[in-house]
Amino acid sequence: MTPRVWVRPSARVLVLDPQQRVLLFGGRGLQPRTDPGHVEYWFTPGGGVEDGEDLRTAAVRELAEETGLVVGPAALEGPVWLRRWQGQWGDTVLDARETFFVLRDVVHDVDVSGRTELERQLDEPHRWWSPAEIIDSAERFAPRDLATALPEVLRGPWTGPPRVVD
């Protein structure tokens with residue numbers, strides 16, 4: 001039987017605080033873990049584009065749901081990065097087409113009460129990461145080349161076309 005393929009446009013946001021730390025969530029994966037603190041990888045807020053949404057509208061909706069931070073689409077800079085990621089999700093192959101935006105100089109206490117039921121079940125921790133912590137970390141990040149791609153964004157503002165990241 002051929003697996004079902006789900007092509008999913010997604011909008012993600014690099015949320016940067018005044019110290020140029022980036023907000024990341026810790027993905028625990030979909031399988032139950034014996035270690036409740038286990039994190040498989042760290043990723044930016046964001047998610048799938050819903051019917052009738054453009055990328056910016058999806059990005060600000062996802063940001064509000066996942067962090068409690070409410071901003072307008074015009075507050076986002078970019079797009080700065082494009083990424084394609086494919087992986088297995090149950091019996092479905094997820095083909096995520098991610099577009100990344102930047103939101104700078106954010107001072108905000110993350111409020112995860114707006115998360116979806118699945119996001120609450122996954123219990124994803126969050127933290128602010130400095131560029132040095134990302135470079136020095138043995139953790140996995142999405143995108144994988146976050147440590148090398150982030151400095152160009154931090155120089156901002158972004159003026160060129162989006163860069164493809166892995």
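## Strand 2 and its two faces

Val 22, Leu 24 and Gly 26 point one way from strand 2, Leu 23, Phe 25 and Gly 27 point the other way, and all are buried. Here buried means under 20% relative accessible area, exposed means over 50%, and partly exposed lies in between (1.4 Å probe, protein chains only). In a regular strand, side chains alternate between the two faces of the sheet. Six of the six residues of strand 2 (residues 22-27) are buried, so this strand is largely enclosed by the rest of the structure. Strands (E, at least two residues) and helices (H or I, at least four) are DSSP runs, numbered from the N terminus.

A word on the model itself: it is predicted, so local features need pLDDT of at least 70 and side-chain atom pairs count only at pLDDT 80 or more, while totals for chains, interfaces and linings use all residues. Residues are numbered from 1 along each chain as its sequence is written, and side-chain values use heavy atoms, with hydrogens and water left out.

Where does strand 2 belong? Four strands form an open sheet in the order 7-2-3-8, with mixed pairing. The edge strands are strand 7 and strand 8 (141-142), each of which pairs on one side only. Two strands pair if DSSP finds at least two bridges between them.

Strand 2 pairs with strand 7 in the antiparallel sense over four bridges, and three bridges join strand 2 to strand 3, also antiparallel. Phe 25 stands opposite His 126 in strand 7 and opposite Phe 43 in strand 3. Strand 3 and strand 8 pair in the parallel sense over two bridges, and Trp 42 has Phe 141 in strand 8 as its bridge partner.

## Aromatic rings

Rings of Phe, Tyr and Trp (its six-membered ring) pair if their centres lie within 6.5 Å; planes under 30 degrees apart count as stacked, over 60 as edge-to-face and the rest as tilted. By this rule the count comes to five aromatic pairs. One of them is the edge-to-face pair of Trp 42 and Trp 129, at 5.3 Å centre to centre with 65° between the planes. Trp 42 lies in strand 3 (residues 41-43) and Trp 129 in strand 7 (residues 126-129), so the pair ties together parts that are 87 residues apart in sequence.

Trp 42 counts as buried at 8% relative accessibility, and Trp 129 counts as buried at 3%. The charged end of Arg 127 sits over the ring of Trp 129, 3.7 Å from its centre; for this, NZ of Lys or CZ of Arg must be within 6 Å of the ring centre and within 35 degrees of the ring normal. Ring pairs also link Phe 25, Tyr 41 and Phe 43 into a cluster.

## Strand 6 and its partners

Eleven of the twelve residues of strand 6 (residues 92-103) are buried, so strand 6 is largely enclosed by the rest of the structure. Twelve bridges join strand 6 to strand 1 (residues 4-15), and the two run parallel. Ser 10 has Glu 98 in strand 6 as its bridge partner.

Strand 5 (residues 77-89) pairs with strand 6 in the antiparallel sense over ten bridges, with Trp 89 opposite Thr 92. These strands form a hairpin with two residues between them, and Gly 90 in the turn has a positive phi of about 65°.

Helix 1 (residues 55-67) has 13 residues, which at 1.5 Å a residue should span 18 Å; its end C-alpha atoms are 18 Å apart, which agrees. The expected span is 1.5 Å times one less than the number of residues. After helix 1 comes Gly 68, whose phi is positive, near 80°.

Leu 150 is found in helix 4 (residues 146-155) and is buried, with a relative accessible area of 2%. Leaving aside its neighbours within four places in sequence, Leu 150 is in contact (heavy atoms within 4.5 Å) with Leu 14, Val 22, Trp 81, Pro 131 and Ile 134. The C-alpha atoms of Leu 150 and Leu 14 are separated by 9.2 Å, although these residues are 136 apart along the chain.

## Backbone details in the loops

Most residues other than glycine have a negative phi, and most peptide bonds are trans. A cis peptide bond joins Ala 142 and Pro 143, with omega about 5°; Pro 143 lies in the loop between strand 8 and helix 4. Gln 20, in the loop between strand 1 and strand 2, has a positive phi near 65° and counts as partly exposed at 31% relative accessibility.
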